[in-house]
Amino acid sequence: MLLYAGQRLAAIVPTLIGVSIVTFGLLHLVPGGPAVAMLGMAASDPKAVAAVTRELGLDRPLPTQYWLWLRRALGGDFGMSTEFHVPVSSLLFPKLEHTLILTAGSLVYAIVIGTILGITTALYHRSLFDRLAMLFTLIGASAPVFWIGLLLSYLFAIKLRLLPALGMTSVLGPPTVLSVLEHLILPAFANAIIALAVIARIVRSAMLEALVQPYVLAARARGLPRWRQVVVHAFRNVLPDAINITGLQVGFLFGGALFVEVVFGWPGLGYLIYSSIQARDYVTMQAAVLIVSGVFVIVNLAADLARLALDPREARR
Amino acid sequence: MSAAAEDVRARPVPRSARRQAADAFLRDRMAVAGLIVLVLAHAAAILAPALTRWDPTIGDEDGILVPPFSPGHVLGTDEQGRDILARILFGARLAFPEAVVPVVAAGAAGLVLGLIGGFFQRVIGEAVMRTLDVLFAIPMVLLAIAIATTLGSGLPTVILSMAIVITPYIARVVATTAAQQRSAPFVEAARCAGFSEWKILRREILPHVIPAVVVYGTTNMGAMVVFAAGFGFLGLGAQPPTPDWGAMISGGMRSLASAPWVSTVPGIAIVVISLAFNYVGDGLRVALDPRLRTRL
């Protein structure tokens, strides 16, 4: 078990190196090359281009350039934003925190509702409730998150005036945890829909299989109450699968946050990336891809280890 | 005429594999409905100029934000007074290529890479699979958007970046299917019979891999419709005033409170087409897998 965990931990090193090579390469795909990408508007001045080229070693061979870039990035120096004229890292990390709040909120919705929906639809297999819930998850998974966000915003914020439509905290008064939570309800739910649908479907099919296994029958024969048969005996065996799929959904939640933040004016990385796209701020974009991918890799590792801890059969292999 | 000969003739003629697959698909009502929706929507995209008298790019200043079901504008107009139905119809001309082209391109690339990784294996196969692992580590949407931003906006860029990000997923489906079949008894048998590796690939492996790619690809075309809408929403897709479903949704954001239909209608189009692709994919899954078929 510990050995396997160590192996998994070691295996993310080449992955992270690969990710860094891909993100490094992005800037080289920019028409005009990395110097132009880093200067933005100022790239019209050949002297500035020459200065950046010299300073960042862009005239050196690619592997050297990569090494120089990686060393700076590991030290937290991602370069200057061409749009906001401040170091990207000072821009990025506060926004990352906001996006993590939104992603965590979505994850809570996806796990809680997705699991409950998956278990109940499996228990009432082929009932009207099962059919409606599955249709709902299919439609939810087929709709763009930003469109769902706009519909929710129109219904709950504009028409019913129950929840705020924009922002992360109230503009009136100091920001409180309560006001952040209030602002989180709609965007987190909009972002959660696809992950929720996927989790519900996986839990449902795994539960359908688990419920007819001998160990559930044995629990029933021993006269255990129905909830114990379902939760302790059947669901316990579904848990590793559920955790695995949930870990994979985190990447999609990050992706979805990008759109949801634009709809709800949530001041996170997604909103930053959106402004970077409009302004062609490649440097900020590059750093955002690197940071989000790093977080994603670590989350997946955590999910993998949790699954391992929960499934002794896997651990023994 | 002997009794035995009678019996042989009375036996039902065994149907061809293709015929059985077609029958299984036709039994799936949702798949057939999905296919009908796709055919009709595709026809509507081709016949768009004949189906509407409005120009999708030119607005009518006297008729901005007309609500749906108004005379002349069945689905209403947007903030520039452009007919929404016309924009939906012309927008379908982008939505179909955006759904199909990336999947076909990634299907071809993923098939080759997946076979190298899953069937031929060895060092090069291992290298291919490890490289693809790196692409899994970057959230798909983020990678696609980063590529598209870097290369500049427009339809070809959108299609290229979608193809790049789904290739690893298709390659993985191919590699797992091929790796499973590689050690199957019938492949062992073929090897014992002296089949060359290429012949094994063609006769024993591909018949398993191709249906898996077709099913996975079709289901993903639905996701691509949604994906492409995301590009349009962020302003990375076809540039204005070209009608694009995703861009229509973001265009309607500002008038959401007073004219919610501007954003709502294109979203419905996206959901319908995406669902249709999903149901067709599900139907194909059952139709192309004889094991699932007999269980019905």
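Is Asn191(A) buried or exposed? Select Asn191(A) and see: Asn191(A) is buried, at 2% relative accessible area (buried is under 20%, exposed over 50%, partly exposed in between, with a 1.4 Å probe and protein chains only).

Before moving on, some housekeeping. This is a predicted model, where local features need pLDDT of at least 70 and side-chain atom pairs count only at pLDDT 80 or more, while totals for chains, interfaces and linings use all residues. Residues are numbered from 1 along each chain as its sequence is written, chains are lettered from A in the order in which they are written, and side-chain values use heavy atoms, with hydrogens and water left out.

**Stop 1: around Asn191(A).** Asn191(A) sits in helix α8 (residues 177-210) of chain A; helices here are DSSP runs of H or I, at least four residues, numbered from the N terminus. Show the neighbours: Asn191(A) touches, among others, Ser106(A), Val145(A) and Gly256(A) (contact means heavy atoms within 4.5 Å). The Asn191(A) side chain also reaches the backbone oxygen of Leu253(A) at 3.1 Å.

**Stop 2: α5 of chain B.** Now pick residues 84-120 of chain B, a helix of 37 residues that spans 52 Å from first C-alpha to last, close to the expected 54 Å (1.5 Å times one less than the number of residues). Look at Ala92(B), where α5(B) bends by about 30°; that is the angle between axes fitted to the seven residues ending there and the seven starting there. Just past α5(B), Arg122(B) has a positive phi of about 55°.

Stop 3: Leu65(B) lies between α4 (48-51) and α5 of chain B, with phi near 50°. Phe69(B) is in the loop between α4 and α5 too, with phi near 65°. Leu65(B) is partly exposed at 25%, whereas Phe69(B) is exposed at 74%.

**Stop 4: where the chains meet.** Colour the contact: 40 residues come from chain B and 41 from chain A. About 3500 Å² is buried between them, 82% of it from carbon and sulfur atoms (accessible area, 1.4 Å probe, that two parts lose on being put together, summed over both). In chain B, Leu142(B), Thr150(B) and Leu234(B) lose the most area to chain A, together 17% of what that side buries.

**Last stop.** Zoom in on the Pro240(B) to Pro241(B) peptide bond: it is cis, with omega near 5°.

Terms used:
Helices (H or I, at least four residues) and strands (E, at least two) are DSSP runs, numbered from the N terminus. A polar contact is a pair of N or O atoms within 3.5 Å; within protein, one must be able to donate a hydrogen and the other to accept it, and residues adjacent in sequence count only if both atoms are side-chain atoms. Lists of a residue's contacts leave out its neighbours within four places in sequence.
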